[in-house]
Structures are given as C-alpha cells and as structure tokens.
Amino acid sequence: MTNRVTRGAAAFVIAACALAPSAAFAQKSGGILRTYNSSNPPSASIIEEATIATAFAFAPIFNNLVIFDQAEPINKPEVIRPELAESWAWDAANTRLTMKLRQGVKWHDGKPFTSADVKCTWDRILGKDPDAFRKNPRKLWWTNIKEIEIKGDHEFTFVLERPQASFLSLLASNMSPVYSCHVPTRDMRTKPVGTGPFKFVSFEANNVIRMERNKDYWREGRPYVDGIEVRIIGNRSTRLLAFSANEFDITFVADVTAPLVGDVKARSPQATCELVPSGVSTNLLVNREKPPFDNPKLREAMTLALDRDAMVKIVTAGKASISGAMMAEPEGNWGMPKAMLEQFAEYAGTPAERREKARKIMQELGYGPSNKLKIKVGTRDFQAFKDPAVLLVDQLNRIYFDAELEIIESTLYYGRVTRGDYAVVLNLTGSGVDEPDVTMVESYSCGSERNYTKYCNKEVDRLIDAQSREIDVAKRKQLVWQIEKILIDDQARPIIYHGFAGTCWHPHVKGHVLHQNSIYNNWRFENVWLDK
C-alpha cells in the first residue's frame with residue numbers, strides 16, 4: 001500500500017472520531033422541528049431536480065457516500081467526512097477510487113444497503129440502467145465514470161476515464177444521495193425511501209411535507225428530534241411573520257434578504273440570523289435560438305444595460321459580490337480577480353456609460369424611442385427571483401425595450417427553461433459545490449441539461465475538460481479564467497451578481513451550523529435538537 005493511501009486511511013479514522021457524539025453537550029431528544037418551503041417542490045427526487053426546494057425538504061431522508069462536515073461552515077475538500085462509505089483510497093494514477101461501505105445499514109423499508117445500490121444509482125444517472133431518471137440535471141457531473149466494479153456487498157471501485165480533482169467533492173454534495181436498487185425511480189418522486197436520519201411520511205402538494213425519526217438509523221443516538229414538518233408557504237411576508245410568531249423554528253434557507261434581516265430581528269430579537277454568501281448566482285438567460293435574440297449584437301446591448309451595482313445595493317443592501325461565472329474571492333476559491341474582470345466592456349466604466357453604448361447598438365439594430373422591442377421577461381415565482389427581475393425589466397426599458405415581467409409558477413419553471421420555452425429570463429443558479437466541474441459543466445458545456453441557453457463552444461468544452469484533469473490548483477485557476485474570458489466575450493449566460501442571504505432560527509434550536517458557500521449541503525438535521 002502506498003504512503004498516500006496509508007495517510008488517507010488515518011484521515012478516515014480522525015474523521016470518524018470527529019463525527020462521534022460528544023459527552024460535552026447535553027442534547028435533548030424529542031419534539032418536531034418546524035420549518036417551511038417557499039415553493040412547492042416539483043418532486044421528492046433530489047437527483048432528478050435542480051431546485052433547492054427539493055434538496056432542502058428531502059435531504060433528511062437520504063445519505064451520501066461521503067459528506068461535507070455538517071459542523072464546518074465552509075465546504076472544501078479538507079472537511080469531507082465518511083457517511084455511507086467508511087473509508088476510501090485512490091490508486092497511484094488517480095483513476096480508481098475504492099470505497100468500503102458501512103455495514104448493517106438498512107433502507108427505511110428494512111432491506112439491507114449494499115454496494116449494488118451504489119452501482120444502481122450511478123448506472124441510472126449514466127443511462128446504463130433500464131429504470132432511467134425522467135430528468136437528469138447532473139448527469140454531466142459523472143461522465144468521467146468508466147465503470148463501477150463491485151467487490152462484495154460492502155466494497156466497490158469507481159473506475160474513472162481520467163484523473164478528476166473534484167470527484168470527492170461532487171460525491172459530498174447533498175445533490176449526490178445514494179438511491180436503492182429495489183425502489184423504482186417513479187416512486188422516489190412521491191414516496192422516497194432512503195437510509196437517512198428521517199423517514200418519509202407524507203407530501204401534500206402546496207401544503208406540507210412530514211418526516212419522522214428513523215429509529216433504526218445507523219448512527220447511534222441520532223437524530224435527536226422526533227420528526228420534521230415543512231410547510232409550503234408562497235408569500236414571504238406571511239412566512240416571516242409566522243416565524244416571528246414562533247410557528248416555525250428555522251426559516252427556509254436564504255429566505256431572509258439583507259434588507260429584511262433587521263425586520264426579523266426587531267420582531268424576534270433573540271433569534272440568530274446569519275447573512276452569508278449563498279453560492280447562488282443571479283444571471284440572465286437569453287434564448288440564443290429565438291429571433292431577434294439570435295443576434296449577438298442585441299445580446300451585447302442587453303449585457304451592457306445591466307446595472308449590477310444598483311441591483312446589489314437594492315436587493316442585497318450592498319452585500320452581494322460581482323464576479324463572473326465562479327464566485328468571487330474571498331467567498332469563492334475560483335473567481336477572477338477584480339482587476340481582470342474590469343478589463344471587459346461589460347464591467348468597465350459607469351452604468352451610464354455602458355447604457356449609452358447599449359442604446360447606440362439598439363439604434364444600429366433599428367430600435368429607438370418610437371420603435372421599442374416588446375418582450376416578456378420571465379422569472380420564477382420565488383421571491384429571490386422576483387426582486388432582481390423587477391429591476392432587470394426597468395434596466396432593459398432604458399435601452400429601448402418595452403419589457404414586462406412574467407411570473408412562472410415554480411413547479412413549471414424549470415421545465416419551461418429546460419425546453420427553451422422563453423425569450424428572456426432572470427434566473428438564479430445554485431451550485432451544489434463551489435467547483436468549476438459543477439458551475440462550468442452544468443451551465444456552459446454543450447449538451448448539459450442545465451445549460452438553459454443551449455450555449456455551445458467547443459473551445460470552452462476543451463478547456464473545461466483540461467481544468468478538470470489538472471491537479472495543480474494554480475494551473476487549474478488559470479484555465480478557469482481562460483474559460484471566464486470566453487464566456488464574457490460570448491455573452492454566455494451573463495452573471496449579474498453572486499448573492500448573500502440570511503437564514504434565521506430561534507434560540508431553542510441547537511446544533512445547527514449554516515454553511516456559507518452553498519445553500520444545498522447542510523440539511524440532514526440529524527445533529528439538531530430543541531432546547532424547550
């Protein structure tokens with residue numbers, strides 16, 4: 001065995017100890033954790049959905065092979081911990097990842113968890129299993145998997161086509177749960193079965209989701225609460241008032257905007273409200289295949305019209321960061337330096353100067369005060385989408401657009417943008433991990449299901465593959481910045497800003513740690529207890 005593998009094995013022991021219950025805390029058992037969802041999840045199947053509405057609500061039902069430490073606020077490779085996989089080791093070529101699984105784990109219906117379930121999960125994602133997923137937004141995460149070799153019920157190997165520095169981080173994302181072989185994919189959409197700390201009880205559309213404590217959970221003594229209740233409330237004022245009235249213990253993730261934190265604290269002064277980077281970008285989708293938006297000059301004018309500073313000031317009280325596709329430093333690990341970003345016309349100068357350039361382009365295209373371009377700007381029926389969308393409409397109307405806002409119901413939204421059934425959309429994109437292999441692959445690679453604009457540049461695909469292979473972080477960053485430059489020049493899904501948002505919880509909620517660079521990855525709730 002190589003030294004590298006030996007050191008890795010030692011790390012697994014340390015990580016396992018770190019997850020063990022501590023006698024220093026007097027956790028109480030019992031009670032129902034009450035929270036809410038701001039929209040109705042399209043389904044309960046995390047693998048098939050792109051929305052936090054599903055990931056937040058149903059994460060407690062599942063486990064991953066590995067997971068970002070729930071007590072660490074920043075997701076990064078150094079804090080990846082065991083979950084269903086007790087240990088793992090790479091070969092010398094970094095193309096074979098062998099994992100040994102935890103024994104004695106049962107699915108919620110009592111059937112044993114084995115390595116066959118791991119193979120079934122990724123075979124379904126990769127289209128190698130006849131019980132295919134209806135939607136598959138993260139398939140491109142896993143195209144580097146050549147095969148999965150099973151070595152008994154509790155050991156298997158991911159065989160990769162090439163090295164991939166991000167592979168463990170992708171496995172640690174909450175968007176990568178393990179599914180069972182014996183439960184059909186159609187049932188996972190309505191009555192999910194997992195191995196996680198909570199069992200599914202019911203999903204009443206547009207009303208409530210209920211889960212109960214898994215008494216046979218493999219982690220002894222967890223979870224602490226008896227169940228979770230997730231109400232579905234579309235109106236933000238209603239749900240925040242309900243939180244202040246103690247009807248909920250914790251808000252929906254990132255539901256409290258920077259301007260609203262003060263209001264919540266005024267009504268609930270003892271509550272904890274953390275305003276942190278969300279790992280979510282606000283971005284502009286323009287249908288490149290639909291005239292007149294197939295004209296790159298028109299798309300250029302729209303990009304120049306963006307007043308990012310105004311949106312940041314109004315929507316996030318100045319807290320959001322302006323960057324390219326990757327989240328800016330210090331919140332993110334991969335964003336281009338500000339000085340480099342400001343070399344581009346879309347970011348240089350003042351908003352007024354950029355807007356004047358945009359008007360000239362529009363006039364060259366035949367538009368003006370008496371001949372405005374009439375469009376509908378779509379966005380999701382989700383307050384975090386609607387707030388900046390109102391400002392986008394106003395900014396486009398300043399360069400000879402006659403734009404009006406179209407609100408798309410949440411359960412229909414992703415279906416429409418995936419089909420290309422739109423002209424212009426104000427969109428939010430959450431990244432399961434702060435990783436180019438997620439952000440770049442999902443949003444900009446040819447053929448990605450989440451590449452809603454159908455942007456396709458073979459040079460970008462080549463560079464995405466090159467950065468994914470690169471183990472050296474500094475060299476990898478240079479490749480990522482090359483991609484960023486091309487994306488800006490091509491007006492490929494322009495990024496408006498990377499958001500900050502708040503989540504609040506009452507003082508009786510103990511053991512919750514809010515993650516700061518992804519909204520997706522800390523919703524097991526197995527460590528949370530209620531001091532009341």
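User: Is glutamate 342 buried, exposed or partly exposed?
Analyst: This is a predicted model, where local features need pLDDT of at least 70, side-chain atom pairs count only at pLDDT 80 or more, and totals for chains, interfaces and linings use all residues. Residues are numbered from 1 along each chain as its sequence is written, and side-chain values use heavy atoms, with hydrogens and water left out. Buried means under 20% relative accessible area, exposed over 50%, and partly exposed in between (1.4 Å probe, protein chains only). Glutamate 342 has 41% relative accessibility, so it counts as partly exposed.

User: Which residue meets glutamate 342 in a salt bridge?
Analyst: A salt bridge is a side-chain nitrogen of Lys or Arg within 4 Å of a carboxyl oxygen of Asp or Glu. Here the N to O distance is 4.0 Å.

User: How many salt bridges does a search of the whole structure find?
Analyst: Some of them are linked in a network, which joins Glu204, Arg210, Glu229 and Arg231. Searching the whole structure gives 37.

User: How many residues apart in sequence are the parts tied together by arginine 416 and glutamate 406?
Analyst: Arginine 416 forms a salt bridge with glutamate 406, with the closest N and O atoms 3.1 Å apart. Helices (H or I, at least four residues) and strands (E, at least two) are DSSP runs, numbered from the N terminus. Arginine 416 sits in helix H13 (residues 410-419) and glutamate 406 in strand S13 (residues 401-408), so the pair ties together parts whose separation in sequence is 10 residues.

User: Which residue forms a salt bridge with arginine 462?
Analyst: Both residues lie in helix H15 (residues 458-469), 3 residues apart, about one turn of the helix. Arginine 462 is partly exposed at 46%. With closest N and O atoms 2.8 Å apart, the partner is glutamate 459.

User: Is H15 roughly parallel or roughly antiparallel to H16?
Analyst: Axes are lines fitted to C-alpha atoms, for helices over the stretch in contact, and angles run from 0 to 180 degrees between N-to-C directions. H15 and helix H16 (residues 473-489) pack at about 160°, with axes 9 Å apart. Angles under 35 degrees count as roughly parallel, over 145 as roughly antiparallel, 65 to 115 as roughly perpendicular and the rest as oblique. That makes the pair roughly antiparallel.

User: Which residues of H14 meet H15?
Analyst: Helix H14 (residues 436-444) packs against H15 at about 160°, with axes 10 Å apart. Contact means heavy atoms within 4.5 Å. On the H15 side are Val460, Asp461, Ile464, Gln467 and Ser468. On the H14 side are Pro436, Asp437, Met440, Val441 and Tyr444.

User: Is asparagine 214 buried or exposed?
Analyst: Asparagine 214 lies in the loop between strand S9 (208-213) and strand S10 (227-232). Not counting residues up to four places away in sequence, asparagine 214 touches His108, Thr195, Gly196, Pro197, Phe198, Lys199, Arg222 and Pro223. Its relative accessibility is 3%, so asparagine 214 counts as buried.
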